[in-house]
Amino acid sequence: MPIKRLTAALILAASAASAASAGSIAPRDGWAVHETSKPYAQLIEDVKAAAKAEGLGVVTQAGPTEAAAARGITIPGNRVIGLFNNDFAVKILALSTAAMIEAPVRMYVTEEADGSATLSYKRPTHVFAPYAEEGGAGLAALAGQLDRRFALIAERAQK
């Protein structure tokens, strides 16, 4: 293999390895970040159960962990869980068609190096803020209701 190709391959491999272990999610504006002592798979199940208890359905789930494993690449557990319900959808659509691009609102479960997992999410008030002018006080109120439900889901899932 020529030196240039070998160097490029090594750079790509190093980039992939560093991307796969980018580290924990740091607190950031508009986010809630909850470190837990729970294992990754357990936190996923507990988020789903808590969402159901708070009246939200699991609308989507996605994560690269299993697909990467099928390719022979090991990365920490990583799952995005989209939560919503039709009641919120209908009410938000009445206020801002554009705002529905943000549904479902997502929770993010990530596995830490010690085997524990972190639950993170953008607060719904942050997610829907770009549509505040169009959706007005009604959209702000719905986003606030979702904030409360998401906080309760996080609280339940951590127990």
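Two strands count as paired if DSSP finds at least two bridges between them. In this predicted model, S4 and S5 are joined by five bridges and run antiparallel. Within this pair, Thr110 stands opposite Thr118 in S5. The S4–S5 hairpin has four residues between the strands, and Gly115 takes a positive phi near 95° there.

S5 also pairs with strand S1 (residues 31-39). That pairing is antiparallel and spans six bridges. Here Trp31 stands opposite Lys122 of S5. Six of the seven residues of S5 are buried, so the strand is largely enclosed by the rest of the structure.

The second largest pocket holds about 240 Å³ of space. Strand S4 (105-111) and strand S5 (116-122) are the elements that give two or more residues to its lining. S4 supplies the largest share, four residues. By class, the lining has ten nonpolar, three charged and one polar residue.

Glu54 lies in the loop between helix H2 (40-53) and strand S2 (57-62). Its relative accessible area is 14%; because the cut-off for burial is under 20%, Glu54 counts as buried. The side chains of Glu54 and Arg156 are joined by a polar contact of 2.7 Å. Leaving aside residues up to four places away in sequence, Glu54 touches Arg149, Leu152, Ile153 and Arg156.

Notes:
Residues are numbered from 1 along each chain as its sequence is written. This is a predicted model: local features need pLDDT of at least 70, side-chain atom pairs count only at pLDDT 80 or more; totals for chains, interfaces and linings use all residues. Side-chain values use heavy atoms; hydrogens and water are left out. On a 1 Å grid over the protein atoms alone, a cavity is a set of points where a 1.4 Å probe fits but cannot get out, and a pocket is an open set with protein on both sides within 12 Å along at least five of seven lines; lining residues have an atom within 4 Å of a point. Grid points are joined across faces, edges and corners, and a volume is the space filled by probe spheres set on the points. Ala, Val, Leu, Ile, Met, Phe, Trp, Tyr, Cys and Pro count as nonpolar, Asp, Glu, Lys and Arg as charged, and the others, Gly among them, as polar. Buried means under 20% relative accessible area, exposed over 50%, partly exposed in between (1.4 Å probe, protein chains only). A polar contact is a pair of N or O atoms within 3.5 Å; within protein, one must be able to donate a hydrogen and the other to accept it, and residues adjacent in sequence count only if both atoms are side-chain atoms. Contact means heavy atoms within 4.5 Å.
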